[in-house]
Amino acid sequence: MSGSKPDILWSPHHPDRYVICDSELGLYRIGPVGSAETKAGTLPLSEETAATLLAINSDTPYMKCVAWYPKHEPECLLAVGQANGRVVLTSLGQSHNSTCKELVGKEFVPKHARQCNTLAWNPVDSNLLAAGLDKHRADFSVLIWDISSKFSPEASVTAEKIRLSSVDLDSSTVVTKPLYELGQNDACLSLCWLLRDPKLLLAGMHRNLAIFDLRNTSQKTFVNTKAIQGVTVDPHFHDRVASFFEGQVAIWDLRKFEKPVLTLTEQPKPLTKVAWCPTRTGLLATLTRDSNIIRLYDMQHTPTPIGDETEPTIIERSVQPCESQIGSFAWHPSSQNRMVVVSAANRVMTDFTVFERISLAWSSTTSLMWACGRHLYDCVEDGADGVESMIEKDIATKMRQRAQSRYGHDTVQVWRNHLLAGGNDPQLKSLWYDLFYILQDMELKLQGNKQSIVYSGIKNIVKTSSGTTESRRCWSGSDRQTDVPRYHSEERCLALRLCGWISRGPEIDVETFLRSLEQEREWERAAAVALFNLDIRRAIQILNKGATAEKGDLNLNVVAMALSGYTDEKSSLWREMCSSLRLQLKNPYLCVMFAFLTSEPGAYDGVLYESSVAVRDRVAFACMFLSDAQLPRYIDKLTIEMKEAGNLEGILLTGLSKDGVDLMESYVDHTGDVQTASFCMLKGSPGEVLKDPRVQCWIENYRNLLDAWRFWHKRAEFDIHRGKLDPSSKPLAQVFVSCNFCGKSISYSCSAMPHQGRGFSQYGVSGSPTKSKVTSCPGCRKPLPRCALCLMNMGTPVSNCPGTGKSDEKVDLTRENKLAQFNNWFTWCHNCRHGGHAGHMLSWFRWDHTECPVSACTCKCMQLDTTGNLVPSDSS
């Protein structure tokens, strides 16, 4: 290899040794950095490994190719092909094996001198060594030598002895008679033995790829191609071969040797080497001239339908083991995806591992799986209580659990749906209470279209407000009149009902609402609502009750005491202290109570913009204490804020209108909760909301999620629920059985109807009129196909099919009468078009039959049905 780029050969026996072939042979041992094997003067290959030079062989000049003996003994025997065509056996290091001593120095000389291009040891019969030579007139270019053969003098070799004596060689170590001579009048550029048969040799000749069979050397199988260089067999797929020409790689299948099965992307520069990875299936590495990168082609066979043929999928990527130009590389024979590269200029070597592509797969049940190399990793969401408290569950997990609890399906007590969702999400609680109050008020009448007003939310309700009256009330239980004005109108009362503060009726009575808050132990909120209704005595009573309740907060007594000292004098010490200290209160409702008492009339920013207070309570407060000029401005501002944040509490303001869809879109963008969006929008006005493409998208995505989770029963329930709320969503008939002759639909109901003709009695036979089996098309009267099992025409009910006369089967026939009509349905295989009654076909495949019941058909009908064997996850 003088004057050419170096090459690398890994030892077939020692995983830590390799040879660098250049003008001389150098044997190296690779080991971890700092180990006893790596001494001073070692060559670093990577951060973890270094190489130690063990031996150098300079006895074989003019090297063109090198091949390592495949057997364990002798362990360091190499064959060197030279520029004059000779093949020399040499060794690295000293070996005490007698066989090695006999073989080292042995030469195999062709009849005519020409360059030896390639060498290949037979992997099974290791005595056979194939050599590929340049063309010389009518001489053979593929010579197969037997390294165990002895020199036998012949009369015709006298001239050869004279030629050999000029270089002072021992004639006893020279072999001039090859065991086989192949490839006459041609040149051989590359060779490899086929792993599937040790008697077959694949050679890249001058204009074709040829397969020679040593059992019949007079014939060969060949294909004309330019891709004749670097032929190499895939060690994992013995029928797959790679070769190249210039910058293009061809992949061949020896079973279909007429043309390449695949041609890789052509590179701008000529290729110098291609090699299959010995530890990884279908991974091919290529190197181009004057390049510092190695291109990798990962060939993956995709599953194909029966009878179809397709090319394998190729994933191409590049790796850069080092900065300098690469002279050659070699895969490690056993270490996964590991290679050593050597630079072209100076023997700088690099130990490099090609990292596998990581393939991710995320199941619909939120378990994550990824593959890296030969390892498969599975990651599932941890169900430990401690972890759940720190890490919020993924929204897909939440929706899956809610679907199992029939979340959204409670149409009577709509507010209970938030309990089906876990009851710990304040936004969902507010949403379902809003929907409950909206649907509860649907029967009330106002001027105009009441239904559309309720659906449009408080934002539009307050805009239609008219006839607002202003009043000033005394504090409840006191004769002292407050200077706080309150506003009343029919629309404001409707808004208070939607907020849940008051119930139906002309009187504004919040006592029912206060009792419900006390039952839920929301003492601070109840006290604030009582205070906003100017009942300071009731607020103090609620605080005292909360302080004395089980696990109550004793600090509520202190707040009640402070509240009891209320005075409306603007310059009083009480007002001054409450204004400065109220912000130190941790509970927002206690804070807004003192903000209300210390605020000027009409200036309630301390209450209205306290974000920790529920939106419904702030809106109800605004409806009571803001004027007609202030109220719409505040509601509009709060609506914009809710829409930007995607806060479901804003549904109270927007209603189930276009603004509500905008708010829900923001919520879905923030959370991905299409489940809540679907159920919520189904409660809206069908004409206004459900036709919105965004709503349809959420509904379809949720249906697809249920199908992906295999919640087919849940999805069917959702479709029924959707059909009740939106009649326009009921799908039309999409599949029907049509006649092969006239194309008209065939209804099973026609086949089940009693025959309308005359009975048997008019023919002299007593009995009831017959029931028609309708075995023909109602339109053209042509016969229908027959069931492949019972051989009765389709349209005949299963219960009418005759039995075989056995008593047990007669019992089964009577039992069939009680089954659903699904057994009578038409069913057929989409591949072979054979079929029959659904009940019969299910019974056939249930008894471990895989093939079609038609005797002459070999179709694997049930195996083609990928979803037929799946069991619904919600079947329990």
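Analyst: Two strands count as a pair if DSSP finds at least two bridges between them. The model is predicted, so local features need pLDDT of at least 70 and side-chain atom pairs count only at pLDDT 80 or more, while totals for chains, interfaces and linings use all residues. Residues are numbered from 1 along each chain as its sequence is written, and side-chain values use heavy atoms, leaving out hydrogens and water.

User: Thanks! How many bridges join strand 30 to strand 31?

Analyst: In general, strands of a sheet pair through backbone hydrogen bonds, either parallel or antiparallel. Here strand 30 (residues 359-362) and strand 31 (residues 368-372) run antiparallel and are joined by four bridges. To find the pairing on screen, look for Ala 361, which stands opposite Met 369 in strand 31. The hairpin has five residues between the two strands, and Thr 366 in this hairpin takes a positive phi near 70°.

User: Which other residues have a positive phi without being glycine?

Analyst: The general idea is that most residues other than glycine have a negative phi. Arg 137 is one of the cases to look at, with a positive phi near 50°. You will find Arg 137 in the loop between strand 11 (128-133) and strand 12 (140-146). Its relative accessible area is 70%, so Arg 137 counts as exposed; the scale calls a residue buried under 20%, exposed over 50% and partly exposed in between, using a 1.4 Å probe and protein chains only. Arg 710 also has a positive phi, near 65°. Arg 710 sits in the loop between helix 23 and helix 24 (712-725) and is partly exposed at 28%.

User: What is the strand order in the open sheet of three strands?

Analyst: The order is 27-28-29, with antiparallel pairing. Strand 27 (326-331) and strand 29 (349-353) are the edge strands, each pairing on one side only. From one strand to the next, the twist averages 25°. Five bridges join strand 28 (residues 338-343) to strand 29, and Val 342 stands opposite Met 349 in strand 29.

User: On to helices. At what angle do helix 11 and helix 15 pack?

Analyst: Two packed helices are described by the angle between their axes and the distance between the axes. An axis is a line fitted to C-alpha atoms, for helices over the stretch in contact, and angles run from 0 to 180 degrees between N-to-C directions. Helix 11 (residues 523-532) and helix 15 pack at about 15°, with axes 8 Å apart. That makes helix 11 roughly parallel to helix 15, since angles under 35 degrees count as roughly parallel, over 145 as roughly antiparallel, 65 to 115 as roughly perpendicular and the rest as oblique.

User: And which two helices cross at roughly 125°?

Analyst: Those are helix 21 (residues 674-682) and helix 23 (residues 693-708), whose axes come within 9 Å. Helix 21 is therefore oblique to helix 23.

User: Is helix 9 largely enclosed or open, and why?

Analyst: Helix 9 (residues 490-499) is largely enclosed by the rest of the structure, because nine of its ten residues are buried. Among the buried residues are Glu 491, Arg 492 and Cys 493. Just after helix 9, Gly 500 takes a positive phi of about 85°.

User: Last topic: how many aromatic pairs are there in the whole structure?

Analyst: A search finds 26. A pair of aromatic rings is described by the distance of the centres and the angle of the planes. Rings of Phe, Tyr and Trp (its six-membered ring) pair if their centres lie within 6.5 Å; planes under 30 degrees apart count as stacked, over 60 as edge-to-face and the rest as tilted. Tyr 604 and Phe 625 make a tilted pair, 5.9 Å centre to centre with 55° between the planes. Both Tyr 604 and Phe 625 are buried. Tyr 609 and Tyr 634 have ring centres 5.6 Å apart and planes at 80°, so their pair is edge-to-face.

User: How accessible are Tyr 609 and Tyr 634?

Analyst: Tyr 609 is partly exposed at 39% relative accessibility, whereas Tyr 634 is buried at 4%.
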